[in-house]
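Dear colleague,

I am handing over a structure for your study. Please look through it first, and then read the notes that follow.

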Amino acid sequence: GLTERLQNAMKTLRGKGKVSQSDLRATMREIRLALLEADVNFQVVRNFVKTVEERANGAKVLEGLNPSQQIVKIVDEELTKTMGEEAVPLNKSEKIPTIIMMSGLQGAGKTTTAGKLALKLKNEQNARPLLIADDIYRPAAIDQLETVGQQIDVPVFQLGTDVDPVEIAKRGLEKAKEDHNDYVIIDTAGRLQIDEKLMGELSNIKDAVHPDEILLVIDAMTGQNAVATAEGFNKTLDVTGVVLTKLDGDTRGGAALSIRAVTQKPIKFVGQGEKMSDLDVFYPDRMASRILGMGDMLSLIEKTQKEYDEKQAQELTDKIKENTFDFNDFVDQLNQIQKMGPLDEIMKMIPGMANNPQLKNAKMDPKDMDHLKAIVYSMTDQERTDPDVLNPSRRRRIARGSGCPVQEVNRMIKQFTQMKTMMNKVSKGNMSGMENMMNN
Ligand code: GDP
Ligand code: MG
């Protein structure tokens, strides 16, 4: 994948006190290939590589301290820039309802995303959205939206399959005004390929209701086609934002890099699963870190926060920052994580875990978590809060107490220490997490 290739590309620089021009060129060649293989558009790749190279030369980083780390930093910053730098919020109209229109090819995830978005607005803004079923070409499409609506308890407006989509959109909007809905989300039809009829219909809907937001839904798994699709839709519809779906799959963001650069339209959300709660705000810096394989620590913290009450989450964040995160917190975290859902999905978000080959093949066994907990439970209070006291004889005692071999106890303590260091560095928002990656 892209992440592995980029890491390999930069590993050649790792630990070098001095980086020569030819080292830099070799690294840039690897980065270029890595991006191209990840289906990043070739022009985007060319500009990207050129900028990184210019900055590396211009700032005289090759002659400075830690040139390799500085290059990683430049790569990270340029990835972030390519994807738009800042998160861009959903447009909102001054008068209700705000009108959101979904667009995209068939199977991209429009209907699912319409539901996810309605749920998000409901949960986060106490909004009262109305979904409009405007895909009349397959009766199943209306049923699907109805099912989504029931699932999230959001009303669905539909007039069956015999009314013109423009008419449905207009009448749906009238209904929303009557009912004082503050958002309408129009779910439209897609086709397997862009064609004039589809585009004509979407244009007509746009002209009839003047959406505040036209979201283009793109399947991130479609690689190079994602860019062509985005360009095609954007040319006709002048979309206002992009939703990149299926980022929970194998893709590591190639499409995210191309789409923003090619369309100049912000990616506003990413879909990361089939559940209605699997829609997240798109943060370019986090995606850059994810592409570089640092794991998405901030998303993990955010996900944890949702499950926690705020106070606990704040305590955790403080502890990570102050580096006082101890084994008691570790067990709390394990318990929390066990509640949060599929373990391997969670583990992938932890820096250094994303590319862990063992993780790729092996599903994390819940029993392992129980071992980890047994080890901590066999520690004294002092050992839990001050891991430095864990000398060999204490470790042997803990091994006996927990029923785990002493090697496992040692491994666990080592992993804990590494994780703690990594979390602390990442939480300070500097490049240390990445520096670590380069140096270990
Ligand atoms: P539409 O034709 O554009 O309306 O696409 P749908 O909303 O019907 O989605 C097509 C398929 O993609 C469905 O099976 C969805 O469950 C699935 N899907 C949509 N978004 C995501 C996502 O973010 N992750 C995953 N894994 N599947 C998704
Ligand atoms: Mg649909």
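Which residue in β4 is the bridge partner of Ile100? The partner is Ile185. This is a predicted model, in which local features need pLDDT of at least 70, side-chain atom pairs count only at pLDDT 80 or more, and totals for chains, interfaces and linings use all residues. Residues are numbered from 1 along each chain as its sequence is written, while chains are lettered from A and ligands numbered from 1 in the order in which they are written.

Strand β1 (residues 98–103) and strand β4 (residues 183–188) run parallel and are joined by 4 bridges. Helices (H or I, at least four residues) and strands (E, at least two) are DSSP runs, numbered from the N terminus. Strands pair if DSSP finds at least two bridges between them. The open sheet has 8 strands in the order β3-β2-β4-β1-β5-β6-β7-β8, with mixed pairing. Its edge strands, β3 (156–157) and β8 (279–281), each pair on one side only.

Helix α1 (residues 2–11) packs with helix α2 (residues 21–37) at about 175°, their axes 8 Å apart. Axes are lines fitted to C-alpha atoms, for helices over the stretch in contact, and angles run from 0 to 180 degrees between N-to-C directions. α1 and α2 are therefore roughly antiparallel to each other (an angle over 145 degrees).

Around ligand 1 there are 18 residues, each with its C-beta atom, placed from the backbone, within 6 Å. The closest are Gly109, Lys110, Thr111, Thr112 and Gly271. Helix α5 (residues 110–125) gives the most to this shell, with 3 residues.

Yours sincerely

How values were computed. Angles under 35 degrees count as roughly parallel, over 145 as roughly antiparallel, 65 to 115 as roughly perpendicular and the rest as oblique.
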